[in-house]
Amino acid sequence: MPGVHEVVHPLIGRHLTVLRNETTRPAEFRGSVRRLATLLAYEATKDLGSLPTKVKTPVAMAEGCELTDRIGLVPILRAGLGMVDPVLDLIPSAEVWHLGLYRDEETAQPVRYYDKLPPGKPVDTALVLDPMLATGGSAVAALQTLYEWGVGRAKVLSLIASQEGVDTVAAAFPQAQVYVCKVDPELNDQKFIVPGLGDAGDRSFNTI
Ligand code: PRP
């Protein structure tokens, strides 16, 4: 599928194994979320716009570059919060715009509860941060909000996804790019990713 990028790398495989492990405690879980977010962001930002500049080193002038895109990080509350700092470390000039969405436990439908995007000032590139893409409903709702805001392009960064979820996002928004560490085969009756890693928000914030 053209818009879906499963990033294969031994470090991603290793840190994802730690995330999946049911015995991993919250502090270690958060550490693996940060490491995987860094690795995914590296891949997802390869085509950012940049312009050549000059820079004076202590020795001589050298070629440099500066980013030209206005970049927005869009963490989906709550689990996406754990991916903000590592990506902001890579792109210190990025803006951070939070979206609040939770998945109704009965219907598995996304429920919007927070959105303060400033009308008329969309970013050029939005990076949606959410560790999990299960049914894809939350990612579709976030993308809908971002395109209505007017973003130039949007990329979803998720640590783990289901095949059904990425198919749903690709069908709804073929222009969106999705970067994931792994696409798992299925969802169970409760719409949890199988084998997955459980609930990333609860495991990050110790609210199981
Ligand atoms: C989880 C996850 C995604 C969403 C994925 O959030 O972090 O936002 O569910 O499911 P979907 O693809 O089926 O929409 P959750 O509702 O558990 O909220 P939380 O981040 O506050 O724990």
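In this predicted model, G49 touches L67, T68 and D69, leaving aside residues up to four places away in sequence. Take D69: 20 residues separate it from G49 along the chain, yet the two C-alpha atoms sit 5.8 Å apart. G49 itself belongs to the loop that runs between helix 2 and strand 2 (50–56). It counts as partly exposed because it has 13 C-beta neighbours inside 10 Å, and a residue needs 20 or more to be called buried.

The buried residues of helix 2 are F29, S32, V33, L36, A37, L39, L40, A41 and A44. Much of that list makes sense from helix geometry: an α-helix has 3.6 residues a turn, so residues three or four places apart point the same way. What do these buried residues pack against? Their partners include three helices by name, namely helix 1 (10–20), helix 3 (84–90) and helix 6 (200–205). On the strand side, they pack against strand 8 (125–129), strand 10 (153–162) and strand 11 (177–184).

Helix 6 turns up again at the ligand. The ligand is surrounded by 23 residues, and the closest are R103, A134, T135, S138 and G201. Strand 6 (99–103), strand 9 (132–133), helix 4 (137–149) and helix 6 are the elements that give two or more residues to this shell. By residue type, the shell splits into 12 nonpolar, six polar and five charged.

Zooming out, the protein has six helices and 13 strands. The C-alpha atoms fill a box of roughly 60 × 40 × 30 Å along the principal axes. How does the radius of gyration fit with a compact globule? For 208 residues such a globule would come out near 17 Å, and the protein has 17 Å, so the two agree. Buried residues account for 38% of the 208 residues. Among contacts between residues at least 6 apart in sequence, 65% join residues at least 24 apart. A UniProt record (an unreviewed entry) places the feature "domain: Phosphoribosyltransferase" at residues 9–207. That span is 33% helix and 32% strand, and its end C-alpha atoms lie 30 Å apart.

Most residues other than glycine have a negative phi, and most peptide bonds are trans. Against that background, the peptide bond from L77 to R78 is cis, with omega near 0 degrees. R78 is in the loop between strand 4 (71–77) and helix 3.

A108, a residue other than glycine, has a phi near 65 degrees and sits in the loop between strand 6 and strand 7 (110–115). With 15 C-beta neighbours inside 10 Å, A108 counts as partly exposed. K191 also has a positive phi, near 65 degrees, and is found in the loop between strand 12 (186–187) and strand 13. Its 17 C-beta neighbours inside 10 Å make K191 partly exposed as well.

How values were computed:
Residues are numbered from 1 along each chain as its sequence is written. This is a predicted model: local features need pLDDT of at least 70, side-chain atom pairs count only at pLDDT 80 or more; totals for chains, interfaces and linings use all residues. A residue is buried if 20 or more other C-beta atoms lie within 10 Å of its own, exposed if 12 or fewer, and partly exposed in between; C-beta atoms are placed from the backbone. Helices (H or I, at least four residues) and strands (E, at least two) are DSSP runs, numbered from the N terminus. Two residues are in contact if their C-beta atoms, placed from the backbone, lie within 7 Å. A residue is near a molecule or strand if its C-beta atom, placed from the backbone, lies within 6 Å of it. Ala, Val, Leu, Ile, Met, Phe, Trp, Tyr, Cys and Pro count as nonpolar, Asp, Glu, Lys and Arg as charged, and the others, Gly among them, as polar. The radius of gyration is taken over C-alpha atoms; the globule rule is 2.2 Å times the number of residues to the power 0.38. UniProt positions are given in the numbering used here, feature names are shortened, and annotations may be inferred rather than shown by experiment.
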